[in-house]
Amino acid sequence: MRQLEGQVVQLRGLQPTHDVDRDLLTPEQLRERVEQDFLGDYSQEEARRDARLLSMFGLVQPDLDLHELYVELLSEQVAGFYDSQDEEMLVVCGTGFGGLEIFTYVHEYVHALQDQTYDLEAGLNFSEEACDLDGERCYALRALIEGDASLLQEQWLRTYADDEILESLLVSLGSLDSAVLESAPDYIQAELTFPYLAGLSFARSLYLDGGWAAVDAAFQNPPVSTEQIIHPERYPRDKPIRLSPPANLAGLQDEWDLTLQDSLGEWATQQILLNHLPGEAARQAAGGWGGDLVFLLEDDSGDRAALVLVTQWDTMRDAHEFSTEFFEYAEQRFGEPAHRDLAEATWAFDGGVSHFIRQSNQTRWIIAPDGEALSLLQSAFGFPLAIAP
């Protein structure tokens with residue numbers, strides 16, 4: 001492990017400030033740490049709320065136990081990790097310290113160097129509390145963090161991996177049990193892999209432009225949206241447009257509770273469309289994303305829910321392009337609209353009603369349990385929303 005650390009330091013160019021503790025875990029111990037470290041602050045109630053939002057977007061089934069799925073997925077897929085709270089390297093070992101364990105250690109030690117250099121939690125504001133307030137920013141930051149480590153892994157393989165390590169790694173990867181991942185909803189699979197795959201492309205783009213110095217500079221001025229990760233050429237100049245939420249939702253409080261307010265981002269918008277549109281059409285439609293706000297509302301009984309998504313597009317043309325593809329998406333998902341014109345449509349479906357409207361550079365999408373709730377939400381969430389100062 002010490003030898004690997006030296007190789008990583010030489011390749012990456014970040015100097016450690018102190019040694020990190022190390023520990024080897026059995027698969028059983030890993031599951032305990034997953035529940036404690038990865039999901040310790042993620043409550044069953046938060047998981048239920050998130051699953052409800054995703055199900056309303058058509059991304060998962062309504063009865064999905066998201067908390068348990070994450071436990072099973074991380075227990076299956078994680079081969080080791082750096083614990084930034086305890087500043088400790090943890091590697092899962094079954095029969096030995098072979099190619100997979102070595103490859104994992106290389107990746108995770110980069111995270112230790114990132115933490116010692118930039119302070120992931122305090123310096124980069126990459127904490128549970130901060131991410132609850134702005135999930136889109138944290139998802140983009142995570143892509144930078146994982147992309148950096150994945151790029152270093154590539155370089156380490158080319159520089160230091162001998163035939164024995166490569167053969168061991170290939171055997172381990174070929175025998176990995178990914179039954180939980182393969183049975184998970186497509187969105188959950190994509191959510192887990194995006195920071196690594198898209199993050200690697202983003203970090204590689206920076207590196208090809210300016211070497212590790214350019215990657216280091218990104219930690220000083222981190223990406224703030226998945227748009228910047230998907231389109232490295234838009235980083236860092238193209239920042240999200242911040243929308244102001246409605247100033248007064250008092251009219252809803254007797255019947256509805258606002259249980260979530262966040263930004264969806266270009267990547268998640270693309271994933272929603274991909275459920276019912278071809279890949280290129282979904283990517284093109286989401287590509288003009290400029291900013292958004294998503295709201296999940298639930299009634300006091302918890303039996304009924306509604307969502308409101310307001311998206312600011314870069315140009316009127318982008319808003320029109322998205323609207324055109326959204327109408328196709330909605331007809332595939334909800335059927336023929338009860339009403340439709342060039343900029344507005346309503347769909348009635350089993351269990352609710354969906355309404356979409358475009359005005360200038362903004363679109364608003366509401367899903368409500370019935371027409372009465374839809375009218376209430378339309379009044380409460382005035383349209384278009386103001387751009388935040």
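1. The protein contains 15 helices and ten strands, where helices (H or I, at least four residues) and strands (E, at least two) are DSSP runs numbered from the N terminus. This is a predicted model, in which local features need pLDDT of at least 70 and side-chain atom pairs count only at pLDDT 80 or more, while totals for chains, interfaces and linings use all residues. Residues are numbered from 1 along each chain as its sequence is written, and side-chain values use heavy atoms, with hydrogens and water left out.

2. As to overall dimensions, the C-alpha trace spans about 65 × 45 × 35 Å along its principal axes.

3. Seven strands make up an open sheet with antiparallel pairing, in the order β4-β5-β6-β10-β9-β8-β7, two strands being paired if DSSP finds at least two bridges between them. Its edges are β4 (256-262) and β7 (339-340), each of which pairs on one side only. Within the sheet, β9 (residues 352-359) and β10 (residues 362-368) run antiparallel and are joined by seven bridges, and Val-353 has Ala-368 of β10 as its bridge partner.

4. Helix α15 (residues 371-380) packs on this sheet, where it touches β4, β5 (289-299), β6 (305-313), β9 and β10, and its direction makes about 145° with that of β10. Contact here means heavy atoms within 4.5 Å; axes are lines fitted to C-alpha atoms, for helices over the stretch in contact, and angles run from 0 to 180 degrees between N-to-C directions.

5. Helices α2 (residues 27-38) and α4 (residues 66-77) pack at about 130°, with their axes 9 Å apart. The angle makes α2 oblique to α4, given that angles under 35 degrees count as roughly parallel, over 145 as roughly antiparallel, 65 to 115 as roughly perpendicular and the rest as oblique. On the α2 side the contact is made by Leu-30, Arg-31, Val-34, Glu-35 and Phe-38, and on the α4 side by Glu-68, Val-71, Glu-72, Leu-74 and Ser-75. By class, these are five nonpolar, one polar and four charged residues (Ala, Val, Leu, Ile, Met, Phe, Trp, Tyr, Cys and Pro count as nonpolar, Asp, Glu, Lys and Arg as charged, and the others, Gly among them, as polar).

6. Helix α7 (residues 135-160) packs with α1 (residues 2-12) at an angle of about 110°, their axes lying 10 Å apart, and the two are therefore roughly perpendicular. Among the residues that meet are Leu-4, Val-8 and Leu-11 in α1 and Leu-152, Trp-156 and Tyr-160 in α7; the contact as a whole has six nonpolar, four polar and two charged residues.

7. The α7 helix also packs with α10 (residues 186-220), at about 70° and with the axes 5 Å apart, which makes α7 roughly perpendicular to α10. The residues of that contact divide into 18 nonpolar, four polar and six charged.

8. Two cis peptide bonds deserve a look in the backbone. One joins Tyr-235 and Pro-236, with omega about 0°, and Pro-236 lies in the loop between α11 (226-230) and β4. Another joins Phe-383 and Pro-384, again with omega about 0°, and Pro-384 is found in the segment after α15.
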